[in-house]
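Colleague: Could we go through this structure together? I would like to understand a few of its residues and helices.

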Amino acid sequence: MLHSIELPSRIIIGSNALRSPRELVEAFGARGAAAVVITGPNVWRKYGERLRSVLEDVVELEALEAREPSVDYAERLSSEAAERSPRLVIGFGGGKSVDLAKYVAHKLGVPLISVPTSPSHDGIASPFASLRGLNKPFSVRSATPAAIVADIDIIASAPLRLIRAGAGDLVAKLTAIRDWRLAHRLKGEYYGEYAAKLALLSAKHVMEYAAEIGRGSKEAVRVLVEGLVSSGVAMCIAGSTRPASGSEHLFSHALDLLAPGRALHGEQVALGTIMMMYLHGGDWRQVRKTLMKLGLPVRARDLGIDDETVIKALTMAHKLRPERYTILGETGLTWEAAERLARVTGVID
């Protein structure tokens, strides 16, 4: 099997990193050209002037609003951006803004600078965008960020819940890699050992600093951001989301359909990781303890999700991406097996 590996050319992490896009504009040959910023209204109101002051004399900067993470809206946004003929796209904000920017940059064939303002999931460096479409959430191949600018001062000021959710998304790599290995062994699917180990390293690194990340200390947030970037790079190397997304993500996608907006992505996959680790015969109790250190909920009711919804999500999760083999198998879990799994692991009472 052949696949090409496209990696970010620059990764800038640290205090006052928001000053860095100016030098990147020069490096990507976009000086004097138009640049489009995909951002949310709150982020733009809070930090927009800082970004504009850095770039105002090197590019013609125009902000476009990131409204909804759907394929339809991403297409409309791409058309709107194309009218400006930009030489550069900047994703500035949370996961939604960065994902839409990745899609737009891919459609227009221009470099993308990923400038996350929160660490809620590992999409900040990956070549995939999580967008809704075809009546289900899924990841679509998009642009690999040409550069990532992570200003730790800004990211550490994000709500603590978002910081914890990002850590939950990294802990999920423990079961994602087990699922990938299983698919390789039983179905002959391509498996990349290096990408897998890189993703696992991100998970283990975050677990080591769980208590500090749970408190939201600036030093620990830097550890988290570096882990999120590493996970994204693992996906670049693998050429798929396999190193980062397995049965625990299928469970989360099912929750997105059954109970949209109740919880954050990282919170949902963290719950899923507890249960999927049990199915894999791994140390699910250690996962649960780590999530508690991070300050993440380990019971569905603490996220406003009732028992029946959890059980139904477990029974339908395998259907959402039938081409992706996981521990859930091809036929999934019966209602009785799903209920037992959720109760044994304490996800439901």
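Modeller: The conversation below takes up some residues and helices in turn. This is a predicted model, in which local features need pLDDT of at least 70 and side-chain atom pairs count only at pLDDT 80 or more, while totals for chains, interfaces and linings use all residues. Residues are numbered from 1 along each chain as its sequence is written, and side-chain values use heavy atoms, with hydrogens and water left out.

Colleague: Where is Asp169 placed?

Modeller: Asp169 lies in helix H6, residues 160-171. Helices (H or I, at least four residues) and strands (E, at least two) are DSSP runs, numbered from the N terminus.

Colleague: Is Asp169 buried or exposed?

Modeller: Asp169 counts as buried because its relative accessibility is 0%. Buried means under 20% relative accessible area, exposed over 50%, and partly exposed in between, with a 1.4 Å probe and protein chains only.

Colleague: Which side chain makes a polar contact with the side chain of Asp169?

Modeller: That of His249, at 3.3 Å. A polar contact is a pair of N or O atoms within 3.5 Å; within protein, one must be able to donate a hydrogen and the other to accept it, and residues adjacent in sequence count only if both atoms are side-chain atoms.

Colleague: Let us change topic. Which residues of helix H13 are buried?

Modeller: In H13 (residues 284-294), they are Trp284, Val287, Thr290, Leu291 and Leu294. Seen down the axis of H13, these buried residues fall within an arc of 115°, so they line one face of the helix. The arc is that of the directions from the helix axis to the C-beta atoms.

Colleague: And which residues are exposed on the other side of H13?

Modeller: Arg285, Lys289 and Lys293 are exposed there.

Colleague: What do the buried residues of H13 pack against?

Modeller: Their partners include H6, H12 and H15. Contact here means heavy atoms within 4.5 Å.

Colleague: One last topic: where is Ile90 placed?

Modeller: Ile90 belongs to strand S4, residues 88-93. With a relative accessible area of 1%, Ile90 is buried. Leaving aside neighbours within four places in sequence, Ile90 is in contact with several residues, among them Val36, Leu55, Ala101 and Val115.

Colleague: How far apart are the C-alpha atoms of Ile90 and Pro21?

Modeller: They are separated by 9.2 Å, although the two residues are 69 residues apart along the chain.
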